[in-house]
Amino acid sequence: MPKGQPEELRFWSKVKIGEDNECWEWEASKDPDGYGWFTYKSNKTISAHRYSLMLKLNNFELPSEVQARHTCDNRGCVNPNHLTEGSAADNSADMVERNRQACGENQHSAVLTEEQARAILIQYLSLIHISEPTRLLSI
C-alpha cells in the first residue's frame with residue numbers, strides 16, 4: 001500500500017482476513033515467537049495483535065499494563081473477535097489453563113531432554129537400590 005494511506009488501511013492490508021470466527025493471520029513482519037509487529041505514527045512499533053485490539057476498543061492510549069490476549073492461542077492472529085484485554089496475570093493464567101507453559105525440555109534453560117533426564121533418574125534409583133525404578137516412573 002502506498003505511503004500516506006491511513007494507518008488502519010495499511011494495517012489491514014497486511015492481514016489475511018477470513019470469516020469472523022476464523023483466525024486472521026498477520027502476513028507482514030513477525031518475531032521468532034510468531035507475533036506480528038506493526039509500525040504506526042511513523043515511529044512506534046507494537047505487536048500487531050495489540051494494534052488490532054486498540055482498533056477494536058477505539059483506544060490508542062492503552063496503558064502498558066493492559067495486554068492483548070488471544071482467545072485462539074494463535075500468536076499470528078489479529079482477528080479482533082479473538083482478542084480481549086487483560087493483565088499479565090490474566091495472560092499467565094490463560095497459558096497455564098491451556099497447558100502452554102514451557103516445562104521440561106521445552107523450557108528455555110533446559111539442558112537435558114526428557115529421555116536423558118529419565119535415564120539419569122533410573123540410573124540414580126538403581127544405585128540407591130530402589131527396586132524396579134522403571135515401574136516408579138511409569139516406563
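This passage describes the salt bridges of the structure. The model is a predicted one. Side chains of opposite charge can pair when their charged atoms come close. Three salt bridges were counted.

One of them joins Lys-30 to Glu-25. The closest N and O atoms of this pair are 2.7 Å apart. Lys-30 is partly exposed, and its relative accessible area is 37%. Glu-25 is also partly exposed, at 25% relative accessibility.

Another salt bridge pairs Glu-61 with Lys-41. Here the closest N and O atoms lie 3.7 Å apart. This pair links distant parts of the chain, 20 residues apart. Glu-61 sits in the loop between α2 (48–57) and β5 (67–70). Lys-41 sits in the loop between β3 (37–40) and β4 (44–47). Glu-61 has a relative accessible area of 60%. Exposed means over 50%, so Glu-61 counts as exposed. Lys-41 is partly exposed, with a relative accessibility of 40%.

A further salt bridge connects Asp-90 and Arg-69. Their closest N and O atoms are 3.9 Å apart. The cut-off is 4 Å, so the pair is counted as a salt bridge. Asp-90 belongs to helix α3 (residues 88–97), whereas Arg-69 belongs to strand β5. The pair therefore ties together parts that are 21 residues apart in sequence. Asp-90 is partly exposed, with 32% relative accessible area. Arg-69 has a relative accessibility of 16%. Buried means under 20%, so Arg-69 counts as buried.

Terms used: Residues are numbered from 1 along each chain as its sequence is written. This is a predicted model: local features need pLDDT of at least 70, side-chain atom pairs count only at pLDDT 80 or more; totals for chains, interfaces and linings use all residues. Side-chain values use heavy atoms; hydrogens and water are left out. A salt bridge is a side-chain nitrogen of Lys or Arg within 4 Å of a carboxyl oxygen of Asp or Glu. Buried means under 20% relative accessible area, exposed over 50%, partly exposed in between (1.4 Å probe, protein chains only). Helices (H or I, at least four residues) and strands (E, at least two) are DSSP runs, numbered from the N terminus.
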